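User: I am new to this structure and would like to learn how to read its features. Could you take me through a few?

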Amino acid sequence: MYALRNHPTPPNPDLWGSVARPLPTNAWWLNFVIQTGEGVTAPLPFNMRARGQGMVLCFPWVTVSETVVFPPFIENIRVLVEEQVESRKVVAFDDLSATLEWRKTGGGGSLTLPVVRGAPYATFIFDNLTPKITTQHAIVNIVDANPTGTRFEVFLNNGQKWLIYSSHTITMQFANNEILASAPFTGVLRVAIVPPGERESLEDLSPDTSFEPWLDDHRHIYPTGGSAVMDYEGDMSNLRFEFTTQSMVLPSSGDLLMMAMPHHLDTGLETAGMGNVYRTTYGFLTGVLGATWQLPDTLPTIGWTAPRSIDSSRVEAVRAALLEDVPVLETNAPDPYFFGKEISAMGRLALIADELGETSVAGDCRERMKQEYMPWLMGQNDDAYVYDEDWGGIVPTNGLADMGADFGAGYYNDHHFHQGYHIYAIAAIARGDPTFLANEENKRRALDLVRNFANPNRNDPYYTFARHKDFYVGHSWASGIIPNFGVRANQESTSEAINAYYAVQLIGQALGDINLENFGRIMLGLELRSARKYWLIKSSDNIYPEPFASNKVVGIRWPTKADYATFFGANAEFIFGIQFLPFTPISEIHLDATWVEEAYPRLSPALETAGEGWRGFIFMAHAVIDPMQAWMEVNQLQGYDNGNSKTNTLYWVATRPNGMMGPNPSPMPPPNPPPSPSPSPPPSPPSSPPSGDLMLTNRELELAHFIINAVYRTIGDHQVTIAEVTNLAQELGGSQRRRSLLGSFDVSQAYTQQLPLFWAAGFPDQPED
């Protein structure tokens, strides 16, 4: 269907085993196979880093500031092999795990490590190789200088206590701050930290020995993988985690012990009664016994429209806005993200016209949408979608040729954001014009996009299953195979991820495909639950410590940290707004009144300086708790984001619960002269905004995106070098343009310890006002 291409950065065969394509491009464990395969991976509760001879384990303290929650990567325990190794590869993966294998040079030995989400032990399966345990700390004590047995205690000078369990009796020799087995070993070693539990100090890692019996009692049963099994009945989803297990001893004894996250407990998952065990940047993990977890949930029931009619006193205002918007709303963007926003905004108009009974207007809108969208659907636009045969996925032409183009979409960044907008628009067309998807070629191409970012078929030979979804944490990962940042995986806009799965639900509904519709609803429900837990900060949750929690929102979530920031600036309207857009009926579930009530005082001061597009989003959020005041506010707007419209804004406010009582106020007269609309809020640097006296080109913004993030993110594990920043900065021309960038991106809030990167990039010591 789509033109075939090869990827400029194909999978590295030295790091992949005999794993068949299509390959996952956004999985939580992908650092095992990107570049050298040594980036940080966070299966939780540990952070891990693969090395040539084995695996490094880290259970760090959590550092908290006003703008970041971050654990440094410390090499607490290294589990290695003494022999020379010729290869390290990912040899298997599933929904909840990835399995690595190290093979001895010349053959005759291997080490296998199933890295499983939520496992409180790291499980190493040795086959005729010699275990060696080292650390960056000093080992201050072990049970015996030359212990022989199946259980060992290791005390480090940072206060940590680690336990090592063996399936067979083994002799471990301690010398030169290393623990080395006396001979090659065939069997299983399991390594666990005795966790500190809930302590007043975030840096106190001393063991809480009350957890030690739990680890002892459940050491024998270990997980080798896990599946997320999904089904539904009516409006209930029945998600199950089914872990595959083996036992270190026969006959096996005990139950599998795993760790659950806070959002798992909200589904009613039964815990082991251990309390708060491991502090992570997602809050505390707690113990669950058994190889099957039941995680039922109520599926979202919102469909094409808001769950209530437009307030009768506002109907004519919405109708007038619709008649004003339809003739003028258009698509101009050449890239898949901004075009997607624009065509999706037109889709909102068509659906609102349906609800208002404006059949002719809705028809005209859909005809324009088809004219605008058909070149994209048929691959006839300048930045046409093509099929990448190396990884297995649909990517834009420009993004494939240039890693920095299309916000990295050629390297699998943000596909659910971009293509979610496209699918929403296609669904909106089909809602009123069933013939559009009755055309088999249109339908196949549309469903290829769905398969690309939200494939429900595990056996599809062309597209990986559920490309972005991390079933354990519940949310998606937007970042793809670009080797940026030490931890790589991240997601900024939860609301755009929500929109993507909402679009899958709607296109399933438009096609009468109940299975696709409900797959979209299940993906949507998972994203909503996780977004409300880990991005929208409520005082009732014990996820983020102060002072970070007072921000009330997370801008970017990484596997190991949370930022109060965005990739395009540090303004409050950016950080909150990127969790709002686009406003559609499903936003009602995302932006619940309890959170908005707490967050609005933190956000509302941004109204003094925010542009009109962002002000519109703030007012729309305000409508959740005060629709009457918000109606007055939105009627003062003089411009809208390119993914929004006056019609959609008024519709949202007019369909809020406890809504419009009283007269319909006339819009206030506009200022003289009216302000220009603000630029559209992207998930990456905005498209050519003014910067001081200069206009920045898209290429300069892409370079600035990398450089600014190098400054913001170079903490602990960030691997951007000064040389890389210097080389990129040279493309930006003279110092005036660099100083201009400083003002645009508000990097005055960057971490002071990273100022050498400013200087290397040619920036002055302090940003100019």
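Analyst: We will look at a helix pair, some strands and an aromatic pair. Keep in mind that this is a predicted model.

User: Let's begin with helices. At what angle do the axes of helix 4 and helix 5 cross?

Analyst: Find the two helices first. Helix 4 covers residues 336-356, and helix 5 covers residues 359-377. Their axes come within 8 Å and cross at roughly 160 degrees. An angle over 145 degrees counts as roughly antiparallel. Helix 4 is therefore roughly antiparallel to helix 5.

User: Is the crossing left-handed or right-handed?

Analyst: Helix 4 passes helix 5 in a left-handed crossing.

User: Which residues in helix 4 meet helix 5?

Analyst: On the helix 4 side, look for Pro336, Phe339, Ile343, Met346, Gly347, Leu349, Ala350, Leu351, Ala353 and Asp354. Among their partners in helix 5 are Val361, Cys365, Arg368, Met369 and Trp376. Sorted by class, this contact has 14 nonpolar, one polar and four charged residues.

User: How many bridges join strand 20 to strand 21?

Analyst: Three bridges join them, and the two strands run antiparallel. Strand 21 spans residues 283-289.

User: What joins strand 7 to strand 8?

Analyst: A hairpin does, through two residues. Strand 7 (residues 85-94) and strand 8 (residues 97-104) run antiparallel, with eight bridges between them. Follow one of these across: Arg88 has Trp102 in strand 8 as its bridge partner.

User: Last, the rings. How many aromatic pairs are there?

Analyst: The count comes to 34 aromatic pairs. Take Phe46 and Trp162 as an example. Planes under 30 degrees apart count as stacked. The ring centres of Phe46 and Trp162 are 5.8 Å apart and their planes lie at 20 degrees, so this pair is stacked.

User: Where do Phe46 and Trp162 sit in the chain?

Analyst: Phe46 is in the loop between strand 1 (4-5) and strand 2 (47-51). Trp162 is in strand 14 (residues 161-175).

Methods
Residues are numbered from 1 along each chain as its sequence is written. This is a predicted model: local features need pLDDT of at least 70, side-chain atom pairs count only at pLDDT 80 or more; totals for chains, interfaces and linings use all residues. Side-chain values use heavy atoms; hydrogens and water are left out. Axes are lines fitted to C-alpha atoms, for helices over the stretch in contact, and angles run from 0 to 180 degrees between N-to-C directions. Helices (H or I, at least four residues) and strands (E, at least two) are DSSP runs, numbered from the N terminus. Angles under 35 degrees count as roughly parallel, over 145 as roughly antiparallel, 65 to 115 as roughly perpendicular and the rest as oblique. A crossing is left-handed if the near helix is turned anticlockwise from the far one by less than a right angle, and right-handed if clockwise. Contact means heavy atoms within 4.5 Å. Ala, Val, Leu, Ile, Met, Phe, Trp, Tyr, Cys and Pro count as nonpolar, Asp, Glu, Lys and Arg as charged, and the others, Gly among them, as polar. Two strands pair if DSSP finds at least two bridges between them. Rings of Phe, Tyr and Trp (its six-membered ring) pair if their centres lie within 6.5 Å; planes under 30 degrees apart count as stacked, over 60 as edge-to-face and the rest as tilted.
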